Amino acid sequence: MLRAPAAESNKDVILEVLRRFATSGKKVFEIASGAGQHTAHFAAALKDVVFQPTEVDSRSIHSIVGYLDHFQFKNVRIPLFIDVAKSFDQWALPADFGPHMVDIVLNINMLHICSTAAVYGLFQSADQLLHESSGILMTYGPYCVDGHISPQSNMAFHTNLKYQNSEYGLKDIKYLERLANRNNLRLAEKILAPKNNFILIFSR
């Protein structure tokens, strides 16, 4: 059961927004679930909502399983190994989380530390997973706004990420909005969160 300080500090902020959409009977498909802290926190608070965590990192998958074994959630599925950079038709999905059967696609703190293929894959898979006429993609993290990154700490973070990998770095919200539009989604809300982060809501 791994623990990340960032997940501890932002889990309640994200939950407050998630509650608005994750009403009784909804299904949440989380892409890049990390260690499982968010999944555990949300599942405990939203017992009538079904969560499907996913990860590409085997250590994180083991951690998620550890949380599930510890808490014995009835509303969380066994984590799936999903590489969002791979084509959606290569994903192995359970029968009730197939195409156009999901209410919410959730993605936390991934877009600034992933490949361009994974960024594209997030929006393409959200289009495939969400109901054709309803549903949302909800993302959380630091972003560039209209070509500007602020404060200086975010700019330093962005520069460091770019140094590690040229495809990493804070993505401009306008760029993400264009990707959403190409995949039958629109930016519905941009919610300022603590520590210079945003929650973005893309809807049908």
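Predicted model: local features only at pLDDT ≥ 70, side-chain atom pairs only at ≥ 80, totals over all residues.
The largest nonpolar core has 30 residues, and Val105, Leu122 and Leu176 are the ones with the most contacts inside it. Helices α4 (116-129) and α6 (173-182) and strand β7 (197-203) each supply at least two residues of this core. Of the elements involved, α4 gives the most, with six residues. There is also a second, separate core of 27 residues, which includes Ala40, Val49, Val76 and Ile136.

Now zoom in on Val105. Setting aside neighbours within four places in sequence, Val105 is in contact with Phe29, Ile31, Leu122, Ala126, Leu129, Leu130, Ile136, Leu137 and Met138.

Next, have a look at helix α3 (residues 58-71), where you'll find Ser60. Ser60 has a relative accessible area of 11%, so it counts as buried. Beyond its neighbours within four places in sequence, Ser60 is in contact with Gly34, Ala35 and Glu55.

Finally, the backbone. Most residues other than glycine have a negative phi, and most peptide bonds are trans. A few places here go the other way. Ser150 and Pro151 are joined by a cis peptide bond, with omega about -5°. Pro151 sits in the loop between β5 (136-141) and α5 (152-164). His100 isn't a glycine, yet has a positive phi of about 60°. You'll spot His100 in the loop between β3 (80-81) and β4 (104-108), and its relative accessibility of 26% makes it partly exposed. Asn184 also has a positive phi, near 60°, and lies in the loop between α6 and β6 (186-193).

Methods: Residues numbered from 1 in each chain as written. Heavy atoms only, no water. Core = buried A, V, L, I, M, F, W, Y, C linked by side-chain atoms within 4.5 Å. Buried < 20%, exposed > 50% of the residue type's maximum accessible area, 1.4 Å probe, protein only. Helix = DSSP H or I, 4+ residues; strand = E, 2+ residues; numbered from the N terminus. Contact = heavy atoms within 4.5 Å.
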